[in-house]
Amino acid sequence: MINRIQIQNFRSVRNIDIELGKLNVVFGSNGCGKSNIYKGIQLLSAAADGQFSTHLSDEGGLENVMWSGESRVTVGQPRRIVLSCQTDDFDYEMQIGFPDKLPYPTHFSLDPVFKEENIWIGNSGRRPSSNVLHRKNSAAFLVDIDGHKNAYTDAVYENESIFGHFGEPHKYPEISQVRETMRKWRFYHEFDVSKTSALRTANVGHRSPALFSDGTNLAAAFQTIIEIGDSELLTEILADAFPECSFYCENENSLFAMKMRRKGVSRPLLASEMSDGTLRFLCLAVALLSPRPPSFFALNEPENSLHPLLLPALAKLIVESSRYSQIWLTSHSPDLAELIADHTSFQLYELDNGTGETMIKHRR
Ligand SMILES: Nc1ncnc2c1ncn2[C@@H]1O[C@H](COP(=O)(O)OP(=O)(O)OP(=O)(O)O)[C@@H](O)[C@H]1O
Ligand SMILES: [Mg+2]
C-alpha cells in the first residue's frame, strides 16, 4: 500500500505531502489541482514503465508542467520537480530538472533530466544502508542481491528513469520489484466515447484481465471477467445501474464487440448505439472488477457525464474494488462520497488553489 506521496513543483503543486489510506477521496473546485495530483502520481508509474519522457511530452513538456507560481522561488536555486512515494516496502524518489547549459547548439535544451533518483528499501527511513538505488545525473549505483554496491555501467538516458533500461532483474530483485509495483498501478480518467472512438467498434481481442486506460479493449476485458472473474457481481452491478438492459460480448472471428439487450427493443444494440454514459459506466465497471486487481487504482472524476441515479452503483463498484486495491478517487460529487460512506470509511481531502498553489484545505 502507498502510505505517502510527496509532490513538489509540479503544475499547481508547489509542495504537498499526502498521507494515504486504503480508500482516498479528493474534492475541490475546478482548477484546484485534483487532476494535477492524479497526473503527478501517474508520472511516477510512467517512469517505472520507461515512458517518462513520452508521458511528459504528452503533458506539454517540462517548461509547462514545472510549477510556475510566483512565491517562494529562491533566486539561484535550481528548479526541480520532485515526485516520491512511500509504500509498505519501499520509498522511491525522483528529481527532475532542466539540462545544464551545453557548449554547443541544441534543440533539446528543454528536455527533462533526471537529476536524482533513489530507492530506499523497507520502511525504516532514508538511511544509507537501505538505499539500493542512488543516481545522480547519469551516474548510478545499484545494490545487488548479495548486498554489493555496483556502478551501473549500462547506458543511462538522462531523460528517462533507470527503470526504462534496467535489465538483470534476478541480480537486482528489490529494484525490479519496485519497478513492477509502480508500473502496474492503473489510471482511469475519461473514456473517449465519441462517434469515431474504438470503444464503439468491434476490436480484435485477447484475454484481458485489465482494461486499458482508454478502455479500448472493453469487450475483451468484459468477457475475461465473465470467464475468470466475478461475473455475478458484474451482472448484479450492471443490473442495478441499467435495470432494463443486459450486456454481453459477441465474438466473430476474434472481433470482440459489446452488445446490449434492452427491454422493448427487438434486436441487440451495438456499442455504436449505446449512450455515452452507458459506455462510460461499462468501462468503469470492467476496470474496477478486474480479475487481476492492481495494488493501486487512480480514478479521476469517474462520475462525469453519469446521471445521479447511477451513483449508488458506482459507489458499490468503488467499495467492492477497495477490498482488493488501494484507491485514489477525485470527484465533484459529495453524493458519491456519501454513498461510499454508507459502506466503508475513507480519507477525505479537500484541495484549494486560492493563492495559485494547491493546498490541502481540509482532511479527515
Ligand atoms: N505549471 C503550472 N504552474 C502553476 N499552476 C499551474 C501549472 N499548470 C497548471 N496550473 C494550474 O492548475 C490548474 C488546473 O488544475 P487541475 O487540472 O488539477 O484542476 P482540477 O482540480 O482537476 O479541476 P477540474 O475539477 O476542473 O478538473 C490550472 O487552472 C492552473 O491554474
Ligand atoms: Mg480535473
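Predicted model: local features only at pLDDT ≥ 70, side-chain atom pairs only at ≥ 80, totals over all residues.
The protein chain is divided into two parts by the domain assignment, with domain 1 covering residues 2-183 and domain 2 covering residues 192-293. The C-alpha centres of domain 1 and domain 2 lie 35 Å apart.

Around ligand 1 there are 15 residues, of which Ser 12, Asn 30, Lys 34, Ser 35 and Asn 36 come nearest. Helix H1, which spans residues 34-48, gives the largest share of this shell, namely three residues. By class, the shell around ligand 1 is made up of nine polar, four nonpolar and two charged residues.

A further feature is the packing of two helices, H5 (residues 218-228) and H7 (residues 276-288), whose axes are 10 Å apart and meet at an angle of about 45°. Because angles under 35 degrees count as roughly parallel and those of 65 to 115 as roughly perpendicular, H5 is therefore oblique to H7. The crossing of these two helices, H5 and H7, is left-handed. The residues through which the two helices meet are set out below.

| Helix | Residues of the helix | Residues in the contact |
|---|---|---|
| H5 | residues 218-228 | Leu 218, Ala 221, Phe 222 and Ile 225 |
| H7 | residues 276-288 | Leu 282, Cys 283 and Val 286 |

By class, the contact of H5 with H7 holds seven nonpolar residues, with no polar and no charged residues, while the shell around ligand 1 includes nine polar residues and two charged ones.

Methods
Residues numbered from 1 in each chain as written. Chains lettered and ligands numbered in written order. Near = placed C-beta within 6 Å. Helix = DSSP H or I, 4+ residues; strand = E, 2+ residues; numbered from the N terminus. Nonpolar A, V, L, I, M, F, W, Y, C, P; charged D, E, K, R; others polar. Axes fitted to C-alpha atoms, helices over the stretch in contact; angles between N-to-C directions. Parallel < 35°, antiparallel > 145°, perpendicular 65-115°, else oblique. Left-handed = near helix turned anticlockwise from the far one by under 90°. Contact = placed C-beta atoms within 7 Å. Domains from an automatic or database assignment.
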